[in-house]
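Open the model in your viewer and keep the selection tool ready. We will go stop by stop, picking residues as we go.

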Amino acid sequence: ANTDNPKYQLKEDFEQVPLKGFAFCNTCLKPLTGYERRKNGKEYYYYKCQTKGCCMNKSYKLLNDLFIDKISEFSIKKEIVPHVKEYVLSLFDEVHQTMAASNTAQALALTKYRHDLKELKIRFALGKIDDECYSLGLDDLSCKIKEMEKQMSKTNIELSNFNNRLEYGLETLVNIGTSWENANLSTRKIIQKAVFPEGIFYNAENNSYRTPLINEFVFQTST
């Protein structure tokens, strides 16, 4: 939304201020907003504390560059990537076995629902049940079959995509600062939230970030 001053513009999604709402003022503990200011035909972007009277108002480049330095501290070493991948895949294998068992149970249930539906249609064709009973049974079994097929489809997609997602995730962690810097706005937000789930706090006095919580997996693999 624009303010009364056309040179000052607030907007939901400026690519230049991905830390908006994610970074907090360390003094006021309020989330920083981001805005655009136009001067002499040029556009300038800033982060600003939302507390009235707080003087925390910094160039987007200063805070973004500082964030790149901070998040880069949690890059993982390339040489340990195969070991990390092996460990994660071993954990996934355990999950996979549980999911496979679940899939088997779902497949059996789906087979039964389809069999029951077939039997229902035969009984209706032979005149053993009336229209109302047939309609109720048809709706119930059709709903169960559709939901079971949906659940099984979702599980299969998750299993098939896991390895690709793991490769991408580890590649991102190797050069996480560069990955964040080169990403689009939505991907930047995903990366920063994944590494620092509770956001970060900017201390204007010593120009540094405080990180109250770090993703445990990222922390362990970067130390």
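**Stop 1: K70.** Select K70 first. At 17% relative accessibility, K70 counts as buried. Here buried means under 20% relative accessible area, exposed means over 50%, and partly exposed lies in between, using a 1.4 Å probe and protein chains only. K70 is found in helix α1. Helices (H or I, at least four residues) and strands (E, at least two) are DSSP runs, numbered from the N terminus. Now show what K70 touches: F196, Y209 and T211, not counting residues up to four places away in sequence. A contact means heavy atoms within 4.5 Å.

A word on what you are looking at. This is a predicted model, where local features need pLDDT of at least 70 and side-chain atom pairs count only at pLDDT 80 or more, while totals for chains, interfaces and linings use all residues. Residues are numbered from 1 along each chain as its sequence is written, and side-chain values use heavy atoms, with hydrogens and water left out.

**Stop 2: the whole chain.** Zoom out and colour by secondary structure. From the N terminus on, the order is β-β-β-β-β-α-α-α-α-α-β-β-α. The chain has 223 residues, and 34% of them count as buried. Its accessible surface comes to about 14300 Å², and 53% of that belongs to carbon and sulfur atoms. These areas come from the Shrake-Rupley method with a 1.4 Å probe; for residues, only the protein chains shown count as cover. Take the contacts with a separation of 6 or more: residues 24 or more positions apart account for 60% of them.

**Stop 3: the largest nonpolar core.** Select L19, L32, F67, F196 and Y209. These have the most contacts inside the largest nonpolar core, which has 35 residues. A nonpolar core is a set of buried Ala, Val, Leu, Ile, Met, Phe, Trp, Tyr and Cys residues joined through side-chain atoms within 4.5 Å. Several elements each supply at least two residues of this core, including β2 (23–25), α1 (60–72), α2 (81–125) and β6 (200–203). Which element gives the most to this core? It is α1, with 5 residues.

Stay with F67. Leaving out residues up to four places away in sequence, F67 touches L19, F22, W180, Q192, F196, I200 and Y209. Then select Y113, I129, Y134 and L141. They are among the 10 residues of a second, separate core.

Stop 4: Select residues 32–39, which form β3. Strand β3 pairs with β4 in the antiparallel sense over 8 bridges. Two strands pair if DSSP finds at least two bridges between them. Look across from R37: Y44 in β4 stands opposite. Strands β4 and β5 run antiparallel and are joined by 3 bridges. Here Y47 stands opposite K58 in β5.

**Stop 5: two asparagines.** Click N40, in the loop between β3 and β4. The hairpin of these strands has 2 residues between them. N40 has a positive phi of about 55°, although it is not a glycine. Is N40 buried or exposed? N40 is exposed, with a relative accessible area of 73%.

Now jump to N207, in the loop between β6 and β7 (208–210). The phi of N207 is also positive, near 50°. At 31% relative accessibility, N207 counts as partly exposed.

**Stop 6: C49.** Return to strand β4, where C49 has its place. C49 is buried, with a relative accessible area of 2%. Leaving aside neighbours within four places in sequence, C49 is in contact with C25, C28, K30, L32, C54 and M56.

**Stop 7: the largest pocket.** Finish with G169, T172, L173, I191 and A194. These lie nearest the centre of the largest pocket, which is lined by 15 residues. On a 1 Å grid over the protein atoms alone, a pocket is an open set of points with protein on both sides within 12 Å along at least five of seven lines, and lining residues have an atom within 4 Å of a point. The elements that give two or more residues to this lining are α3, α5 and α6 (216–222). Helix α3 gives the largest share, 6 residues.

Technical notes
1 Å grid on protein atoms, 1.4 Å probe; cavity = no way out; pocket = protein on both sides within 12 Å on 5 of 7 lines; lining within 4 Å.
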